[in-house]
Amino acid sequence: MSDETAFVGDVHGNLNALRGLMDVLATSGRPHMVFLGDYINKGPQSAEVMEELVAISGSGRATLLAGNHEEALLEAFDSQDLMTFLKMGGAMTIRSYVGAKVGPDVLGDFRASFPPEHLDALRLMPQTWESDEVIARHVPPEAFTQKFRISAHAPVGSVPKIGHDSAQLDTGCGTEAGRLTALLWPRLDYIQVDARGEVVPR
């Protein structure tokens with residue numbers, strides 16, 4: 001097991017990208033992984049992505065932080081109102097859990113198809129991961145900390161934005177041209193895979 005930590009940006013329902021990145025990390029010493037949230041919506045395989053991430057987290061190899069898309073899903077279940085979730089691309093997530101035959105009771109079908117272990121995982125996701133040197137959240141942490149700040153959430157283009165005191169890792173995964181990015185701490189190096197899970201050469 002590596003002493004490094006890999007911080008992973010938004011996955012957004014792309015199972016191929018997730019598996020491709022996991023394969024690369026496995027060959028680079030299996031660092032502990034901190035996923036920065038937004039595992040669902042946009043891409044077609046949100047249920048499968050959640051299944052893999054819940055298993056990885058349960059093995060102790062990863063920490064799953066909450067993203068705003070996960071929070072919107074919980075809010076939809078709790079309020080029984082899907083409107084906000086659907087505006088965020090939730091239809092793709094509903095189809096991935098329910099399948100092609102979504103009936104007139106969309107929320108009822110969605111809830112009935114949603115595994116209890118996925119719901120438990122969503123409710124237990126922390127907002128923040130911290131060490132002595134790093135603070136990571138889905139949305140950018142406050143700038144007044146002395147720690148190196150790592151976040152996702154806001155797309156920054158095809159390559160991550162890495163500065164002297166912060167890094168932003170949302171490189172558009174979940175879209176055809178998007179990439180999934182992992183930042184390796186403390187090296188401040190990064191690796192990427194494309195939408196098919198192929199390593200992006202640098």
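These legends describe close-up views of a predicted model. Residues are numbered from 1 along each chain as its sequence is written, and side-chain values use heavy atoms, without hydrogens or water. Local features need pLDDT of at least 70 and side-chain atom pairs count only at pLDDT 80 or more, whereas totals for chains, interfaces and linings use all residues.

**View 1. Strand β9 (residues 180–185) and its burial.** Strands here are DSSP runs (E, at least two residues) and helices are DSSP runs (H or I, at least four), numbered from the N terminus. Six of the six residues of β9 are buried (under 20% relative accessible area, 1.4 Å probe, protein chains only). L180, A182 and L184 point one way, and T181, L183 and W185 point the other way. In a regular strand the side chains alternate between the two faces of the sheet.

**View 2. The pairing partners of β9.** Two strands pair if DSSP finds at least two bridges between them. Strand β1 (residues 5–8) is antiparallel to β9 over four bridges, with T5 bridged to W185. Strand β10 (residues 189–193) also runs antiparallel to β9, through five bridges, and A182 stands opposite I191. Three residues separate β9 and β10 in a hairpin, and L188 in the turn has a positive phi of about 60°.

**View 3. The largest nonpolar core.** A nonpolar core is a set of buried Ala, Val, Leu, Ile, Met, Phe, Trp, Tyr and Cys residues joined through side-chain atoms within 4.5 Å. Of its 45 residues, F35, Y39, F85 and F110 touch the most other members. Helix α1 (residues 15–26) contributes the most, with seven residues.

Methods. Buried < 20%, exposed > 50% of the residue type's maximum accessible area, 1.4 Å probe, protein only.
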